[in-house]
Each structure stands twice: as structure tokens, then as C-alpha cells.
Amino acid sequence: MQSHAETDSSDDESAIGTELVVNNVPIDVFQNCYVKDDFQDLFRSYGLHATFRFVEKSRSVYVLFLAASQCEAAVAGLDGREFEEVELSVSQLVQPSSMRFLKLPKKKKEFLISPPISPPTGDPVAGIAGGSVTVGSLMLQAAIASLSQSGSTFELHPGDEESQQPRIVVSHD
């Protein structure tokens, strides 16, 4: 079992960080693969498995090492060093242990945007709205049907072939 002091030192090492940022990187590093390889070799001499993220817009490079000691050695050895006639600015990123992982977003209260498809059972509004639609439809159908007499037809809408409107005819048998 780890003692409290050992736990604190491991937290301190993770807070120190294993990542550094190099600013004022020569533009040739982003455009010429041979210069880029030479640049990476500078840092790989401190940690063979270092990984790189190149940000051309800000002319910076983020270098991630496996151990904080490799990162510290690279900063000490390369800060202020001249590369391709440009002085490099190398600094170690410090990350508090509480910020190492992304935090989940806070839960928000969820509201329904639209009403449910079918209203709840016993809802008084549902009975009125549902009934009036059916009654209104039946009343309209009855009114249209009464326009024609037995055996005759009645044209509700003549239709228009130019505008492609259909002809509506009511017939009564």
C-alpha cells in the first residue's frame, strides 16, 4: 500500500506534466520534411517515443513525452537553442491534477418541446378536440351529400386543366 507521501509525489509529477510547447518555430519546420525530421530528432534525443503536434498558424509545436523527467531535461537543454537561425522558446506545460480529465457537463432539466402523440387518458381537452373534429367532418360530409338529389350529380368545383386543379363532383345514387 502506498503511503500518503508517495501519493503526493505521484500527484506532483502528474501536475508537472509531460508536455512542452515550443514557440517561435522556424517556418521551414512546417514546410520541409527534412527540416521537420531534424527538429523532431532534437527532442527524440531526450525521449525516443515523443509525439508531436504541429500548429503552423501560431508557429508552435507541442511535444508529449512519456515521463516528466524527459520533458524537464528537454526544456533545460533546448530552451534558447538556435535552430535554423531562429532561437527556440521551449516551456513546460503545467497542468493541475484536477484538470487532467474532462469533466462531464452539468445535467440540465429537460422539457418536452412538443406535446405527446396521444393525450393522456382522461384528459378533458382531448375529449373535446377529438370529438369536434369527427363531428365537424361528419357534418361537412352530410352537407355536401345533401346538395345532390337522388340519381343526380352536383359539381362542387369545376376544376382547371391549366392549373391542374381536380374536378370535384358529388353524386347520389
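**Overall architecture and local features of the predicted chain**

Residues are numbered from 1 along each chain as its sequence is written, and side-chain values use heavy atoms, with hydrogens and water left out.

The secondary structure comprises five helices and eight strands, where helices (H or I, at least four residues) and strands (E, at least two) are DSSP runs numbered from the N terminus. Read from the N terminus, the order of elements is α-β-α-α-β-β-α-β-β-β-α-β-β. Of the 173 residues in the chain, 18% are buried; buried denotes under 20% relative accessible area, exposed over 50%, and partly exposed the range in between (1.4 Å probe, protein chains only). Among contacts (heavy atoms within 4.5 Å) with a separation of 6 or more, 55% involve residues 24 or more positions apart.

The structure holds six aromatic pairs. Rings of Phe, Tyr and Trp (its six-membered ring) are paired if their centres lie within 6.5 Å; planes under 30 degrees apart count as stacked, over 60 as edge-to-face and the rest as tilted. One of the pairs joins Phe39 and Phe83 in an edge-to-face arrangement, at 5.6 Å centre to centre and 65° between the planes. This pair links distant parts of the chain, since Phe39 belongs to helix H3 (residues 33-44) and Phe83 to strand S4 (residues 82-83), 44 residues apart. Phe39 is buried, with a relative accessible area of 0%, and Phe83 also counts as buried, at 10%. Phe43 and Phe52 form a further edge-to-face pair, with 6.2 Å between centres and 75° between planes; both residues are buried. Through ring pairs, Phe30, Phe39, Phe43, Phe52, Phe54 and Phe83 are linked into a cluster.

In helix H4 (residues 68-78), the buried residues are Ala68, Cys71, Ala74, Val75 and Leu78. Seen down the axis of H4, these residues fall within an arc of 125° and therefore line one face of the helix; the arc is that of the directions from the helix axis to the C-beta atoms. Ser69 and Ala76, on the other side of H4, are exposed. Just after H4, Gly80 adopts a positive phi of about 85°.

Positive phi values also occur in residues other than glycine, including Asn24, at about 65°, and Arg59, near 50°. Asn24 lies in the loop between strand S1 (19-23) and helix H2 (28-31) and is partly exposed, with a relative accessible area of 36%. Arg59 is placed in the loop between strand S2 (51-55) and strand S3 (60-64); Arg59 is likewise partly exposed, at 31%.

The C-alpha atoms of Val170 and Leu156 are 7.1 Å apart in space, with 14 residues of separation in sequence. Leu156 is located in strand S7 (residues 153-157) and is partly exposed, at 36% relative accessible area.

Conventions:
Predicted model: local features only at pLDDT ≥ 70, side-chain atom pairs only at ≥ 80, totals over all residues.
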